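Please read these notes with the model open beside you. They go point by point.

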Number of protein chains: 2
Amino acid sequence: MRLADVTAVVDLGKATVHRLLGALTEVGFVEFDDGSKLYRLGYGLFSLAAAAQQFSIVEQARPSLVRLAAATEDTVYLSVREGDQALCVDRCTGKFPIRTLTLDVGDRRPLGVGAGSLALLAFQPEGDIDRILRDDHAARQGFSGFDADGLRAMVRATLRDGYAFNGGRIVSAMAAVGVPVKDHDGRALAALSIAAIRERMGPARISELVGMLQQEAEELGRSLDQRGQTRTEAGQNKVTEEQF
Amino acid sequence: MRLADVTAVVDLGKATVHRLLGALTEVGFVEFDDGSKLYRLGYGLFSLAAAAQQFSIVEQARPSLVRLAAATEDTVYLSVREGDQALCVDRCTGKFPIRTLTLDVGDRRPLGVGAGSLALLAFQPEGDIDRILRDDHAARQGFSGFDADGLRAMVRATLRDGYAFNGGRIVSAMAAVGVPVKDHDGRALAALSIAAIRERMGPARISELVGMLQQEAEELGRSLDQRGQTRTEAGQNKVTEEQF
DNA sequence: AACATTGTTCCATCTAACGGAACATGATCG
DNA sequence: CGATCATGTTCCGTTAGATGGAACAATGTT
């Protein structure tokens with residue numbers, strides 16, 4: 001974007017935006033092409049994201065994703081709740097040649113739209129679910145078949161079955177199943193999901209996949225709970241200041 | 001980290017840090033666990049990094065990486081210069097079963113340390129090279145054999161050959177070659193490199209790999225130059241404000 | 001060549017960030 | 001089990017420094 005474009009979006013004076021972007025450029029979070037006078041997001045963000053991975057679920061869940069992808073040969077996703085959206089934070093592709101890459105790492109979806117996202121939504125506190133179904137319909141524009149009533153039914157089905165199923169509501173040739181990763185008192189911290197082409201999602205295979213997902217999810221939930229308890233040495237994290 | 005830890009590192013008052021972290025938490029760049037009172041980097045950073053990819057070399061270079069990984073079966077890296085460091089911004093693994101994953105996406109190395117990093121360094125403006133060799137030796141602590149004189153020789157060799165070679169200086173069982181992605185006036189914008197186990201890096205194979213790398217790098221350089229010229233419509237980028 | 005648009009710099013005003021201090025909470029040790 | 005210490009949280013007066021108007025420079029456009 002150009003300076004003027006940024007200025008228009010953020011509602012601040014030209015001079016101010018100029019100074020702020022200058023500061024961000026200095027620390028590498030923004031890049032500036034002097035020729036074209038265009039600002040871009042900078043490479044420093046890669047380092048930040050890499051650091052974020054290290055201390056989040058992502059690192060702990062990686063082995064699960066790898067195992068699932070190897071065993072199922074399909075694409076496995078890890079999502080977390082982020083505000084009223086589901087955020088894909090990791091992905092692992094199996095070796096089946098037809099790959100279903102609906103989500104990239106970093107992509108967001110309204111809560112409820114998609115198997116992983118639905119698994120997350122269904123296992124949130126009831127108050128949250130009600131509010132989201134009521135208020136968030138605007139965000140679901142453009143995803144047909146995700147009105148409040150339809151979603152409520154899907155949430156109920158998910159709670160009943162223990163897993164979320166999406167049979168081609170987003171991309172018709174595809175289907176996906178998702179399960180929540182729950183902490184000790186049943187709140188969903190994350191969701192594991194597997195996507196594949198419709199042909200590989202018959203009833204028998206679904207229950208097979210769900211079984212594998214649930215086993216990994218349970219194990220993961222336990223190990224996350226444990227880490228939550230380890231307060232003592234967590235504080236001792238010495239920080240190397242020149243890391244950035 | 002705990003609040004007190006952060007306070008110690010950033011040299012600001014407790015109250016101030018508390019407020020700042022609160023603000024960052026609200027926008028999702030920091031996560032706070034109320035139970036353990038620990039702050040972490042937040043998931044919002046994933047979205048930022050994903051957005052950064054979209055407007056940087058990464059997206060344009062992805063096809064090259066995929067082609068190289070498929071053709072060579074080894075691991076292909078894309079790095080850029082970021083301050084006085086080389087930053088790995090993308091990686092693609094081939095199907096050879098012994099994988100050499102020295103670098104993760106987001107990792108940094110001092111300029112000159114590693115094949116990609118050396119390729120970047122060698123094709124920087126001469127003034128920069130001199131300054132870096134002179135001033136940056138502290139950063140190269142812990143990488144043996146990368147003193148200023150040794151590096152200068154390696155830079156010369158790289159310029160002479162047109163590619164950088166690293167024969168196990170970092171991990172002894174591994175070797176890697178790297179080439180610069182140059183813009184129209186010869187400055188390195190990025191580096192493509194391939195790493196493999198020593199056995200797969202004989203003289204014949206090296207020149208084969210270098211050939212492939214150079215072809216991709218040249219093509220990539222041309223396409224990046226083109227994009228640099230397209231100033232006109234770049235400004236027209238309408239921005240969807242609610243993207244975040 | 002005149003004009004329009006955008007980027008950059010300067011500076012006086014006034015916002016809002018800072019941190020001291022007081023309080024709350026939970027951990028640690030005698 | 002109670003006293004003490006360390007840490008997290010809230011409040012608020014002072015003042016550092018962010019803001020944006022305005023003037024200027026450097027482009028691109030008609």
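1. Ground rules. This is a predicted model, in which local features need pLDDT of at least 70, side-chain atom pairs count only at pLDDT 80 or more, and totals for chains, interfaces and linings use all residues. Residues are numbered from 1 along each chain as its sequence is written, while chains are lettered from A and ligands numbered from 1 in the order in which they are written.

2. Chain A against chain B. Each side is counted by contact (C-beta atoms, placed from the backbone, within 7 Å). Chain A puts in 40 residues and chain B puts in 40 residues. On the chain A side, the elements giving two or more residues are helix H1 (3–10), strand S2 (38–41), helix H3 (44–54), strand S3 (75–82), strand S4 (85–93) and helix H9 (231–234). Helices here are DSSP runs of H or I with at least four residues, strands are runs of E with at least two, and both are numbered from the N terminus. H3(A) gives the most, with 9 residues. By class, the chain A side has 19 nonpolar, 12 polar and 9 charged residues. Nonpolar covers Ala, Val, Leu, Ile, Met, Phe, Trp, Tyr, Cys and Pro; charged covers Asp, Glu, Lys and Arg; the others, Gly among them, are polar.

3. DNA strand C. Near means a C-beta atom, placed from the backbone, within 6 Å of the strand. 14 residues surround DNA strand C, and the closest are A:Arg2, A:Leu3, A:Ala4, B:Gly13 and B:Ala15. H1 and H2 of chain A and H2 of chain B each supply at least two residues. H2(B) has the largest share, 4 residues. The classes are 6 nonpolar, 4 polar and 4 charged.

4. DNA strand D. Helix H2 (14–26) of chain A gives two or more residues, as do helix H1 (3–10) and helix H2 (14–27) of chain B. H2(A) gives the most, with 5 residues. The surface near DNA strand D divides into 6 nonpolar, 4 polar and 5 charged residues.

5. A helix pair in chain B. The axes of helix H6 (residues 126–135) and helix H7 (residues 148–161) of chain B come within 9 Å and cross at roughly 150°. H6(B) and H7(B) are therefore roughly antiparallel, a label for angles over 145 degrees. B:Ile129, B:Leu133 and B:Arg134 of H6(B) make the contact with B:Ala148, B:Leu151, B:Arg152 and B:Val155 of H7(B). That contact has 5 nonpolar, no polar and 2 charged residues.

6. B:Thr72. This residue lies in helix H4 (residues 57–72) of chain B. B:Thr72 is buried, with 20 other C-beta atoms within 10 Å. The cut-offs are 20 or more for buried, 12 or fewer for exposed, and partly exposed in between, with C-beta atoms placed from the backbone. Beyond neighbours within four places in sequence, B:Thr72 is in contact with B:Gly94, B:Ile194, B:Leu209 and B:Met212.

7. Two backbone angles to check. A:Lys37 is not a glycine, yet has a positive phi of about 60°. A:Lys37 sits in the loop between strand S1 (30–33) and S2 of chain A. With 13 C-beta neighbours inside 10 Å, A:Lys37 is partly exposed. A:Glu73 also has a positive phi, near 70°. The loop between helix H4 (57–72) and S3 of chain A holds A:Glu73. A:Glu73 is partly exposed, with 14 other C-beta atoms within 10 Å.

How values were computed. Two residues are in contact if their C-beta atoms, placed from the backbone, lie within 7 Å. Axes are lines fitted to C-alpha atoms, for helices over the stretch in contact, and angles run from 0 to 180 degrees between N-to-C directions. Angles under 35 degrees count as roughly parallel, over 145 as roughly antiparallel, 65 to 115 as roughly perpendicular and the rest as oblique.
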